[in-house]
Structure formats: C-alpha cells, structure tokens
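Work through the following exercises with the coordinates open beside you, and try each task before reading its solution.

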Amino acid sequence: MEKATENPNSETQPSPQPNHQMDADDDDENVKQLKECSSLYLSLQDCLVDSNRDWKSCQKHVQALKACHERRTKK
C-alpha cells in the first residue's frame, strides 16, 4: 500500500464561507446599529421563529421595539 505524500509547495485555500454566513454577519452589523433596542429586536425575532412568523402573537415584542425606537429618535 502506497502512502500519499503531501506536496509542501501546494497552497491550501481556506474554504469559502457559506452564503448564509455572510448574510448573518450583515445582520449582526445591522443589529449592532440598533444599540439599546437590539435585545428587543432579537427577542422579536425569537418570538417570530417560535410562533411560525405569526406577527399577531408577537405584538407585545413589536410594540416594545417600536417604543424603544421612538425613545431613541427623541434624544
């Protein structure tokens, strides 16, 4: 049985990031821009996932995010 030898001169290319990973990085930057409202935004996202995107059942989260945004823009 022959043993495969590695070519020390070959360059290893890093595997490219999956497309959704780059989208997630963009989302993280957008969430950071929300500053103090970011946790409310993330809780809204969790609610939407848990409720199968049912906006009616997540109105408490929507209203909290809206109020936070309004407080931020009044400053």
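Helices, taken as H or I, and strands, taken as E, are DSSP runs of at least four and at least two residues respectively, and they are numbered from the N terminus. The model to which this is applied is a predicted one.

**Exercise 1.** Determine how many helices and strands the chain has, and in what order its elements run.

*Solution.* Counting the runs gives three helices and zero strands.

**Exercise 2.** Describe the burial, surface and contacts of the chain.

*Solution.* Start with burial, for which the cut-off is a relative accessible area under 20%: of the 75 residues in the chain, 13% are buried. Next, take the accessible surface, which comes to about 6900 Å², with 50% of it belonging to carbon and sulfur atoms. Finally, among contacts with a separation of 6 or more, 40% are made by residues 24 or more positions apart.

**Exercise 3.** Locate the salt bridge, and work out which parts of the chain it ties together.

*Solution.* The structure holds one salt bridge, in which the side chains of Arg-72 and Glu-36 meet at 3.8 Å, N to O. Arg-72 lies in helix H3 (residues 59-74), whereas Glu-36 sits in the loop between helix H1 (19-33) and helix H2 (38-50), so the pair ties together parts that are 36 residues apart in sequence.

Methods
Residues numbered from 1 in each chain as written. Predicted model: local features only at pLDDT ≥ 70, side-chain atom pairs only at ≥ 80, totals over all residues. Heavy atoms only, no water. Buried < 20%, exposed > 50% of the residue type's maximum accessible area, 1.4 Å probe, protein only. Contact = heavy atoms within 4.5 Å. Areas by Shrake-Rupley, 256 points an atom, 1.4 Å probe, with all protein chains shown as cover. Salt bridge = Lys/Arg side-chain N within 4 Å of Asp/Glu carboxyl O.
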